[in-house]
Amino acid sequence: MDFFQNLMLGLNVALSLNNLFYCFLGVLIGTVVGVIPGLGVLAAISMLFPMTFGLEPTTALIMLAGIWYGTTYGGSTASILLNLPGTPANAITCLDGFAMAKQGRGAVALFMTTIASFFGATVGIILLTLFTPVIAEYALNFRSAEYFSLMLMGLVAASTISSGSAIRGFAMVILGILIGLVGMDSQTSTLRYTFGVLGLLEGVSLIALAMGVFGVAEIIMSVRRVRAADIDPETLKLRAIWPTRDDVNRSWFPMVRGSSIGSFFGTLPGTGPSIAAFLSYAIEKRISRSPKRFGNGAIEGIMAPEAANNAADQTAFIPTLSLGVPGSATMALMLGVLMIHGIAPGPSMITDQPELFWGLIMSFWIGNIFLLVLNIPLIGLWVRLLTIPYHILYPAVLVFICIGAYTSGFSELYVWMVFFFGVLGFLMRVLDFPGAPLLLGFVLGPLMEEHFRRAMLLSRGDFMTFFDRPISGAIMALTGLILVWGIWSGQTYKNKTAQNESSNDST
């Protein structure tokens, strides 16, 4: 009975006029951001992050969450029409989506991806509703040793499981932790890495770091890369969106498999919607009786990954809300919203802030219905947005970034921070260093330090406290396995690449 009461409580919160407006605003912005190549969810959330200061915590999270899963809906549009993924999670959709567009079936592809996105999101929301309170109930037994071990596992997983070199991922995690330690020590009031700058006493701004590393750097990298394309308007009219019976029959099982894969990987730190989408596509191609169809307009090639990435978008909130441990850079920003509003994320949040938790979950249902309504009849509008010249778009985005940075602290120092981290983010892109581990290290670093100190005080300086306690010991053992596996897989990939290059040189 309590479960249904909580659902009704969340529904009442989500259906308030204020929350409905910001939910619609969030999914609308997310869809537009996803449609326009070169922009990303992190850039959008970073720019709009200062807006949340004047909102209630529940309303702020509802809006930012709408942007988060709205970008995945919109990202498929650019992937299908222009062969330019709106988000990394939509990259695999380009293979068959753009092939369908060239065959004159672009409208069908857009319609079916919208259905797959809604189906995957629905599965993810159901799992989020059922399992988050259960995980939080067991997490109430966690102490500082368990929290430190869990956060350490999240950082190790984020730097090793994600694409790229594990060593580079670790380097970014360490750099993020160092940046997060800038400012005044909360326990001893010792100044750390401030270099005499008074504005750094309270630490580096999360907004400035996110805007610079993800927003400014993304724009710089996209200026010369994004190009407009000619689109046949006849293939995008409403009468052309209806799929054939064969399309429908081929779509059901890929949607179910994609949703299952996405729901699982969404809960794991360092994986998320991108890996879920790529893996679901690979599985569909492997089990298909005619794998040669993939890459040439196979409907399964868009249904499975789109269902997977949207399911992962929803279940990514499970570790963030139940354990207070973000599994991705975007979830780290969500965690930052809670911390700025003075709410301690973790298992006690579900019982202490039931309106926030259940209101947020129920808003997911409403937001996905909004997205279903937006993305079907407004296909023509999204296509016209793609024709905006990028040389007009990116200066406006930079202006909004500077305004958002300045208003977050009303200091020029924040704008200079954005400039500094923008240059850093650009260099990271050029040198192929990942950005997500940097942001995760920045957010989790101070929390890890706090729990590490507390665990040391309670154990009187005994490091074995992280291994003696059953839960903490199991997490540390799992962290070691993830670390070994990440280094081994990275080295294996490096050796294969070297062998392929040598064989190509010999031929």
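Leaving aside neighbours within four places in sequence, with which residues is Arg469 in contact? The contacts of Arg469 are with Arg143, Ala145 and Glu146, where contact means heavy atoms within 4.5 Å. Arg469 is found in the loop between α21 and α22 (470-506); helices (H or I, at least four residues) and strands (E, at least two) are DSSP runs, numbered from the N terminus. Between Arg469 and Arg143 there are 326 residues of sequence separation and a C-alpha to C-alpha distance of 9.8 Å. The relative accessible area of Arg469 is 31%, so Arg469 is partly exposed; buried means under 20% relative accessible area, exposed over 50%, and partly exposed in between (1.4 Å probe, protein chains only).

The model is predicted, with local features needing pLDDT of at least 70 and side-chain atom pairs counting only at pLDDT 80 or more, while totals for chains, interfaces and linings use all residues. Residues are numbered from 1 along each chain as its sequence is written, and side-chain values use heavy atoms, with hydrogens and water left out.

The chain contains 22 helices and two strands. Of its 507 residues, 54% count as buried. Among contacts between residues at least 6 apart in sequence, 78% join residues at least 24 apart.

The largest nonpolar core has 101 residues, a nonpolar core being a set of buried Ala, Val, Leu, Ile, Met, Phe, Trp, Tyr and Cys residues joined through side-chain atoms within 4.5 Å. Trp68, Phe317 and Leu439 have the most contacts inside this core. A second, separate core of 15 residues includes Leu81, Met255, Ile299 and Ala307. In soluble globular proteins, nonpolar side chains tend to be buried together.

Helix α2 (residues 17-35) has 19 residues and should span 27 Å at 1.5 Å a residue, and the distance of 27 Å between its end C-alpha atoms agrees. The expected span of a helix is 1.5 Å times one less than its number of residues. The buried residues of α2 include Asn19, Tyr22, Cys23, Gly26 and Val27. Helix α16 (residues 354-375) has 22 residues and reaches 31 Å from its first C-alpha to its last, close to the expected 32 Å. Because 16 of the 22 residues of α16 are buried, this helix is largely enclosed by the rest of the structure. In helix α5 (residues 93-102), the buried residues are Thr93, Cys94, Asp96, Gly97, Ala99 and Met100.

On a 1 Å grid over the protein atoms alone, a pocket is an open set of points where a 1.4 Å probe fits, with protein on both sides within 12 Å along at least five of seven lines; lining residues have an atom within 4 Å of a point. Of the 32 lining residues, Gly180, Glu202, Val204, Met339 and Pro446 are the closest to the pocket centre. Elements giving two or more residues to the lining are α8 (166-180), β1 (183-184), α9 (206-222), α14 (329-340), α19 (412-430) and α20 (436-458). The largest share, seven residues, comes from α20. By residue class, the lining divides into 18 nonpolar, eight polar and six charged residues. Ala, Val, Leu, Ile, Met, Phe, Trp, Tyr, Cys and Pro count as nonpolar, Asp, Glu, Lys and Arg as charged, and the others, Gly among them, as polar.

Ile340 is placed in helix α14 and, at 45% relative accessibility, counts as partly exposed. Residues up to four places away in sequence not being counted, Ile340 touches Phe49 and Phe53. The C-alpha atoms of Ile340 and Phe53 are separated by 7.9 Å, with the two residues 287 residues apart along the chain.

Positive phi values also occur in residues other than glycine. Asp432, in the loop between α19 and α20, has a phi near 65° and is exposed, with a relative accessible area of 53%. Arg460 lies in the loop between α20 and α21; its phi is about 60°, and its relative accessibility of 82% counts as exposed.
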